[in-house]
Amino acid sequence: MSYQSGRHFLQIPGPSPVPERLVRAMAQPVIDHRGPEFGELGRTVLAGIKRIFQTDSPVVIYPASGTGAWEAALVNTLSPGDRVLMCETGQFATLWHELATRLGLDVEFLPGDWRHGASPEAIAERLSRDGDHHIQAVCVVHNETSTGVTSRIADIRQAIDGTGHPALLMVDTISGLASAEYKHDEWGVDVTVSGSQKGLMLPPGISFNALSDKALARSKQARLPKSYWDWASMLAGNASGYFPYTPATTLLYGLKEAIAMLEEEGLENVFARHQRHAEATRRAVQAWGLEVLCLNPEEYSPVLTTVLLPEGQDADALRKVILERFDMSLGAGLGKLKGRVFRIGHLGDINDLTLLGTLAGVEMGLMAAGVPHSPGGVQAAMRFLADH
């Protein structure tokens, strides 16, 4: 294969590109994970990640993907046969549902069209009919990576509280953390699940459970089997900066630096930057005459934009052309959206020129692949970015 000049544009909605600063932070010798130097690192990252989740409660860090953190959230709080209410917002909500079912939980899946977020009204209506409180937890995906739809977690919390139902609220913000506004404490979330490879700008390999006092209390009665995922053993070691088994040492070096980068920019500025780039991307899509999959502007994702192609057009063929001609990777359609959509990631360590290069690659790809569209998407994004 001949050499391709320039850099590859990795514009999938995660894993996101790892900044050089984080690569250098991780390029350190492995240290003794039982020694004093590691204890200092552990205490630093455990305190810092709480600030990113915007919580005063503990955050558990696992050497695992987000799927492991999904499982940890469930096995630490629930017992065999417990009823769980989940919301069908896309492929990742569907996968979490499948995992919960395999664990022996009684899962009720509120149907959705993959173009809207979880409905606070539908959740409240279902809980209001659960007078005996059989439902033990409500599980929602905050930023659905397969669809580009963001559920309104604060509204969902308010809806649950309005019914007086004691169910736990569990939220997956694997692709939302450090890109989309998220407030674990203020929004009253009991368990938040996340991972390293999206807004935190790290490689895959570490994941998180942010906890509430209510979740910790429930964990004392939970009877689902657990060992590796056990919060109690993790929290005991974390008190002094250590872990009950071998942690992902070099990734924790990177996490320390990622937290520093985010706090140097300021979380509010990070969120505003993502919103601005998302709006520029949507303006490009609309100028092309294509359709943003998300139908509710209140639920537009600041992390990615999922684009629905016209009937008869193959989104995977378009992505192939863009990869081969312009060395750029875009997200594929997942599950029932396979071949119908492509996903533009605009998260992590990007700026205006990164985004405009991405959109130029998409527009050239639309031309090269013969996808019917109007020209001028890049210009629409440029005008917005220049004016804002």
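**Figure 1. The largest cavity of the predicted model and its lining.** About 30 Å³ of space lies in this largest cavity. The structure holds one cavity of 30 Å³ or more. Met86, Cys87, Ala93, Trp96, Cys139, Val140 and Val141 line the largest cavity. At least two residues of this lining are supplied by each of β3 (83–87), α4 (91–102) and β5 (135–141). Strand β5 gives the largest share, three residues. By class, the lining of the largest cavity divides into seven nonpolar residues, no polar and no charged.

**Figure 2. The open sheet of seven strands.** The strand order is β2-β10-β9-β8-β5-β3-β4, and the pairing is mixed. Strands β2 and β4 are the edge strands, each pairing on one side only. From one strand to the next, the twist averages 20°. Strands β8 (residues 168–172) and β9 (residues 191–195) run parallel and are joined by three bridges. Within this pair, Asp172 has Val193 of β9 as its bridge partner.

**Figure 3. Helices α2 and α6 on strands of the seven-stranded sheet.** Helix α2 lies across β2, β9 and β10 (207–211). The direction of α2 is at about 115° to β2. Helix α6 (residues 153–163) lies across β5 and β8, and runs at about 165° to β8.

**Figure 4. The open sheet of five strands.** This sheet has the order β1-β13-β14-β12-β11, with mixed pairing. Strands β1 (9–11) and β11 stand at the edges with a single partner strand each, so one side of each is left without a neighbour in the sheet. Three bridges pair β1 with strand β13 (residues 328–332) in the parallel sense. Leu10 has Ser329 in β13 as its bridge partner.

**Figure 5. Helices α10 and α11 on the five-stranded sheet.** Helix α10 (residues 267–287) lies across β11, β12 and β14 (341–345). Helix α10 runs at about 15° to β12. Helix α11 (residues 315–326) packs on the sheet and touches β13 and β14. The direction of α11 makes about 165° with that of β13.

**Figure 6. Glu299 and its contacts.** Glu299 is in the loop between β11 (291–292) and β12 (304–308). With a relative accessible area of 2%, Glu299 is buried, because it falls under the 20% limit for that class. Leaving aside residues up to four places away in sequence, Glu299 touches His116, Gly117, Gly148, Val149, Thr150, Arg152 and Cys294.

**Figure 7. Backbone geometry at Pro15, Gln54 and Trp114.** The peptide bond from Gly14 to Pro15 is cis, with omega near -5°. Pro15 lies in the loop between β1 and α1 (20–26). Gln54 is not a glycine, yet has a positive phi of about 55°. Gln54 is placed in the loop between α2 (36–53) and β2 (59–62), and is partly exposed, with a relative accessible area of 25%. Trp114, also not a glycine, has a positive phi of about 65°. The loop between β4 (106–110) and α5 (120–128) holds Trp114. Trp114 is buried, with a relative accessible area of 3%.

Conventions
Residues are numbered from 1 along each chain as its sequence is written. This is a predicted model: local features need pLDDT of at least 70, side-chain atom pairs count only at pLDDT 80 or more; totals for chains, interfaces and linings use all residues. Side-chain values use heavy atoms; hydrogens and water are left out. Helices (H or I, at least four residues) and strands (E, at least two) are DSSP runs, numbered from the N terminus. Buried means under 20% relative accessible area, exposed over 50%, partly exposed in between (1.4 Å probe, protein chains only). Contact means heavy atoms within 4.5 Å. Two strands pair if DSSP finds at least two bridges between them. Axes are lines fitted to C-alpha atoms, for helices over the stretch in contact, and angles run from 0 to 180 degrees between N-to-C directions. On a 1 Å grid over the protein atoms alone, a cavity is a set of points where a 1.4 Å probe fits but cannot get out, and a pocket is an open set with protein on both sides within 12 Å along at least five of seven lines; lining residues have an atom within 4 Å of a point. Grid points are joined across faces, edges and corners, and a volume is the space filled by probe spheres set on the points. Ala, Val, Leu, Ile, Met, Phe, Trp, Tyr, Cys and Pro count as nonpolar, Asp, Glu, Lys and Arg as charged, and the others, Gly among them, as polar.
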